[in-house]
Each structure stands twice: as structure tokens, then as C-alpha cells.
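Work through the exercises below with the model open.

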Amino acid sequence: TTLLFSYLCAITLAYSRTKWLMSYPKQIYIMADNSVKDRLLTRNYIFVCIAAFMMSFSFFILVPTLPLYLSATFGIGKAMIGVVLSCYVLAVLSVRPLAVFIADTLPRKSVYIVAYAAFVAAFVGYFFITKTLALFILLRIFHGLCFGMLTTAGNTLVIDVMPSSRRGEGLGYYGVTNNLAMAFGPMVGLFVVASGDYMLLFLTSLVTGIIGLLLGALVRTPRRERVEKVEFKLSADRFFLKEGTRASIAFFMLAMPYGMTTSYMALYAAEVGITHNAGLFFTVMAFGLIASRLHSGKQVDKGFVTETISLGISIAFIGALGEALLSTVAHWNMTAGYVTYFLTAFLFGYGYGTMFPAYNTLFINLAPNSRRATANATYLTGWDVGIGGGMLFGGMLAETGYTPCYILGTLL
């Protein structure tokens, strides 16, 4: 409620500024026109951000709680949990090429709304599929397909409604919505699971998704420039930005430890004996992500793209090293274990939050405007493959304990 109130206040200020400028004589309004054209906090940008927050919130509620749900409901082991979780990400990955073509060909808002509606509708399935694991896997695959289409269209849509001169800053603030969802989603999810009511968990995701869908429908997109029609040729370059191959591989390696952290940290904390306020790990991590956005986006807009990425990787490495050493520290001294646990969360979040807008801008700068969706899909593909790999290999390595997972993450 507080977050929504803050966003509504921002919307009110945006409208007030516009009306104030319009109330002045035409000459004065023309003088202010340049600043208005580069204004970031517009009505459309704010609505896209709120819709993204709601989508991410409904997603992050399930991230740390689904392993617990699968274990309690279907009685499966750690390796099988990793397989089920990775099916979602593999589905997201498989739909990216199609999402790219559709988002670059059809009206992006229409694609965005249809994908958002399907994503929300998928939550209904969780209320009924509680007996058969195979059906649950199929539901997760369908949900992943919807999520892949939605994130590709959403990341492209937000670029369309922001001024190009403030793209790095705009992408940074847009990413904050995801970070806020990460701060409150897992915490709320674990709190609901503590009551033993998984149906309430799915209901919360459904309601927040519906709110995001309604707000996304209010976004007004600018008219796209016409691109000369060329003969359609099926080629890898149409679905994947070849110029971003090396950056995508690097992003894949960075995404694997992130996937392990978001999926298994709650179970890892329980394994090492950290039981009190374990869910706050994601909140502290999100605060690190948010804190990094205060400067990283502006540094990217100044041209320090690769320098910002390098800084983020260095800080994230220290956080990943803390995760790998957490078990050793906790067994030596539990108080030191708690300090390491939360300090690691902040550093891990700060590092990734620093590199996210820089990486996104890097891919966007490599492509022309007509291929923004392709650039975004290449960026997200590297991320999706890494997240899926982290979930899959993390689940396999976890059969002997979660510490090897985070050692591998540190090396990557």
C-alpha cells in the first residue's frame, strides 16, 4: 500500500508539472520544451514500472517457497526439485526467439497485455494441480512461456516510453521495481508458508498479478517509426543479436550463482543453522540492489558502461565468496554466521544491481531501434540460461550439501 501511494504521488507531481507548463504563455512553454521531452517520470513510465513491480512481486513470492511446496506436497528430493524449477526457466528461454519476432513485428503494447493476461491466468492452475507432478511441470512450463513473452515485451516497452538521453538512468530505476519486489516478495512468501497455507500464497500472487495487468493496460505507447519492409528470411541473427554473443556468454556465467542464490538460499540457511529471520536475506539483498541503482545508471549515461560492469562483477564476487564460506563461518561461530549471511546478501545485491543497467544498455547500444526486442532477448537469454543452469546444477550438487553450489558460483 505504501509503495502504491508513493507511485501515485509521483504520478500527481508529473501531471502537476505538465499543467503548470501548459498554463504559461507559448513562448515560455517552448523554452521548457527540451526539459519536458527528456523528462523521465512520465505517466506512461510510472505505470510501466508499477506493472513490472506487480509482475515481479507475484513471481518472487514463489521463488523461495516452491521448493518447500514441492517437498511438502509431492515428497520429491532435492535433485528433482531442481529439475522442476529449471523447467520454468527453460520454457522462458525457448519462447525468447518467438517473443523477439512478435515484439518487433506486432504492436508491443498488445503483445505485452496478452502475455500479461496469460501470465496471470496461469496462477489459477496452482489451486487445482496438487496431485500429479507431471501436470504441475506442464503448468510451470506454460507459466514460463508466458513469463518469457511478458518480460521480453515489457523490457522493450519501457525503453519506448523513456527518453533515449536518460536510458541508463531509466533502466536503473525500472530495475528498482524488480528489486523492491525481491525485497518484499520472498519475505511475504515465507511468512505465508509459515502459516502452512499454500493456497493463500497462490492467491496473493494472483491478486497482485491482476493489479499489475490493469495498470499495464493504462500505458500509452508512442507511435513507432515505420521500418521499410524487407523479405522475411529465417536466420539466427533475426532472433539473436550476434554482436552481443560474447557479452551474453559472460552474462550467463554471472547468472548461474544468482539462480542458485534465489532458489536455494532459504534451504542453505536452514542447513547451516540460520533459522531466525532467514527470509530477510532477500530484503537485505534487495536493499543492496536498490542502493547500487542510485549511481550506476548515471555512470552508464556518462559512458562508463564496461567500467560499471567490471565494478559490479568485483563486488558480486566478494558476495559469492561469502556465500561459499557461510557454512564454515556458521559452524565456527553462529553470530559471525549471521553477520556473514546478511553482509553477503547486501554485497551480492549491490554487485548485481551495479551491473544490471550497464549490461542492458550495452546490448541496447549494439542494436538499431528496430531491433530493440532482439537486443533485449539476447540480454535476457544469457540471463535465463544461467538462471536455469544454476537451478539445475544447484539441485544436483545439493544432494551432498549446498556448500558446493556456492563454491561453483564463486568460481563462475
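Buried means under 20% relative accessible area, exposed over 50%, and partly exposed in between (1.4 Å probe, protein chains only). The model is predicted: local features need pLDDT of at least 70, side-chain atom pairs count only at pLDDT 80 or more, and totals for chains, interfaces and linings use all residues. Residues are numbered from 1 along each chain as its sequence is written, and side-chain values use heavy atoms, with hydrogens and water left out.

**Exercise 1. Thr261**

Task: Is Thr261 buried or exposed, and which residues does Thr261 touch?

Solution: 
- Locate the residue. Thr261 sits in helix 12, residues 245-272. Helices (H or I, at least four residues) and strands (E, at least two) are DSSP runs, numbered from the N terminus.
- Check accessibility. Thr261 has 0% relative accessibility, so it counts as buried.
- List the neighbours. Leaving out residues up to four places away in sequence, Thr261 touches Phe281, Phe282, Met285, Glu323, Phe348 and Tyr406. Contact means heavy atoms within 4.5 Å.
- A polar side-chain atom of Thr261 lies 2.9 Å from the backbone oxygen of Pro257. A polar contact is a pair of N or O atoms within 3.5 Å; within protein, one must be able to donate a hydrogen and the other to accept it, and residues adjacent in sequence count only if both atoms are side-chain atoms.

**Exercise 2. Helix 13 against helix 15**

Task: At what angle do helix 13 and helix 15 pack?

Solution: 
- Take the two elements. Helix 13 covers residues 280-301 and helix 15 covers residues 334-365.
- Read the geometry. The angle is about 35°, and the axes are 6 Å apart. Axes are lines fitted to C-alpha atoms, for helices over the stretch in contact, and angles run from 0 to 180 degrees between N-to-C directions.
- Sort the contact residues by class. There are 18 nonpolar, 8 polar and 1 charged. Ala, Val, Leu, Ile, Met, Phe, Trp, Tyr, Cys and Pro count as nonpolar, Asp, Glu, Lys and Arg as charged, and the others, Gly among them, as polar.

**Exercise 3. Helix lengths and ends**

Solution: 
- Compute the expected span: 1.5 Å times one less than the number of residues.
- Inspect the start. Asn333 is the N-terminal cap of helix 15, with a side-chain oxygen 3.0 Å from the backbone nitrogen of Thr335.
- Repeat for helix 8, residues 133-160. Its 28 residues reach 40 Å from first C-alpha to last, close to the 40 Å expected.

**Exercise 4. Two glycines in loops**

Task: Where is Gly273 found, and where is Gly125 found?

Solution: 
- Gly273 lies in the loop between helix 12 and helix 13. Its relative accessible area is 33%, so Gly273 is partly exposed.
- Gly273 touches Met334 and Tyr338, with residues up to four places away in sequence not counted.
- Gly125 lies in the loop between helix 7 (108-122) and helix 8. Its relative accessible area is 16%, so Gly125 is buried.

**Exercise 5. The whole chain**

Task: How many helices and strands does the protein chain have?

Solution: 
- Count: 17 helices and 0 strands.
- Burial: 56% of the 412 residues are buried.
- Contact range: among contacts with a separation of 6 or more, 87% join residues 24 or more positions apart.
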